[in-house]
Amino acid sequence: MGASLVRLHFHDCFVNGCDGSILLDDNATFTGEKSAGPNANSARGFELQGPTWTVMLGRRDSPTASLSAANNNIPSPSSTLSTLISSFQGHGLSTKDLVALSGAHTIGQSRCAFFRTRIYNETNINAAFATSVKANCPSAGGDNNLSPLDVVTPTTFDNQYYANLKIQKGLLHSDQQLLNGGSTDSQVTAYSTNQNSFFRDFAAAMVKMGNISPLTGTSGQIRKNCRKSN
């Protein structure tokens with residue numbers, strides 16, 4: 001569930017800022033973000049009340065949500081490196097933040113629909129790894145079958161994600177883009193051998209992402225029920 005909560009935070013902040021809009025159910029006024037392509041059948045943790053990380057005080061909740069913004073603002077698993085960099089820069093996050101935050105994929109799982117094209121059609125992938133993943137992700141059907149984003153330590157938050165990229169075991173196309181002869185190769189390599197550096201940069205980037213256009217003062221509202229606007 002830890003991976004799901006990190007993902008919820010990311011998918012909320014990249015859609016009109018960190019305002020809790022992803023938690024809202026559909027109503028007569030708007031269609032919310034839960035059914036958007038990046039969230040449908042994969043976003044979890046809506047009902048969980050529990051541990052949180054430290055954020056600045058004074059945050060308020062959005063009274064509405066946007067299906068179209070969720071579909072358009074969250075980077076696709078098929079994104080190129082340049083698209084990822086542009087998307088993060090558009091939210092005030094640097095390329096360094098992009099690589100650090102991508103390390104959240106050291107835990108959690110992904111749907112077959114999001115990585116099928118990579119394991120069947122791409123060449124910059126470890127052949128044995130691709131074969132093993134195909135066992136649970138057929139070329140047709142099984143869209144909701146899950147595979148771990150980090151096949152080595154799938155339930156441990158560590159720097160193994162980056163070590164996997166060095167041997168072309170990135171599950172998503174967007175993962176392997178971080179180590180594919182581009183500008184982020186050196187940072188991935190550094191994190192693969194220095195877990196403390198990754199942890200430090202990840203924590204800083206999470207706080208930075210949490211400061212994307214928050215609602216403060218009299219903007220927004222304080223919801224009585226996380227799933228409904230007041």
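Analyst: **Helix contacts, close up**

Helix α5 passes helix α6 in a left-handed crossing (the near helix is turned anticlockwise from the far one by less than a right angle; clockwise would be right-handed). Helices here are DSSP runs of H or I with at least four residues, numbered from the N terminus. This is a predicted model, in which local features need pLDDT of at least 70 and side-chain atom pairs count only at 80 or more, while totals for chains, interfaces and linings use all residues. Residues are numbered from 1 along each chain as its sequence is written, and side-chain values use heavy atoms, without hydrogens or water.

The axes of α5 (residues 112-121) and α6 (residues 127-134) come within 9 Å and cross at roughly 135° (lines fitted to C-alpha atoms over the stretch in contact, with angles from 0 to 180 degrees between N-to-C directions). That angle makes α5 oblique to α6 (under 35 degrees is roughly parallel, over 145 roughly antiparallel, 65 to 115 roughly perpendicular, the rest oblique). On the α5 side, Phe115, Ile119 and Tyr120 meet Ala130, Val133 and Lys134 of α6 (contact: heavy atoms within 4.5 Å). Of these contact residues, 5 are nonpolar, none polar and 1 charged (Ala, Val, Leu, Ile, Met, Phe, Trp, Tyr, Cys and Pro are nonpolar; Asp, Glu, Lys and Arg charged; the others, Gly among them, polar).

Now to helix α4 (residues 95-102), where 6 of the 8 residues are buried (under 20% relative accessible area with a 1.4 Å probe, protein chains only; exposed is over 50%, partly exposed in between). The buried residues of α4 are Asp97, Leu98, Val99, Ala100, Leu101 and Ser102, and their cover includes α3 (81-89), α7 (160-166), α9 (185-193) and α10 (195-209).

In α9 sits glutamine 187, itself buried at a relative accessible area of 15%. Setting aside neighbours within four places in sequence, glutamine 187 touches Thr95, Lys96, Val99 and Ala100.

With α10, the axis of α4 comes within 8 Å and crosses at roughly 110°, so α4 and α10 are roughly perpendicular. From α4, Lys96, Asp97, Ala100 and Leu101 meet Phe198, Asp201, Phe202, Ala205, Met206, Lys208 and Met209 of α10. By class, the α4 contact with α10 has 7 nonpolar, no polar and 4 charged residues.

As for confidence, the protein chain averages a pLDDT of 88, and 88% of the residues score at least 70 (pLDDT is the predictor's confidence in each residue, from 0 to 100). Over residues 45-49 the pLDDT is below 50, and that stretch has 11 contacts in the model beyond near neighbours in sequence.

Conventions:
Helices (H or I, at least four residues) and strands (E, at least two) are DSSP runs, numbered from the N terminus.
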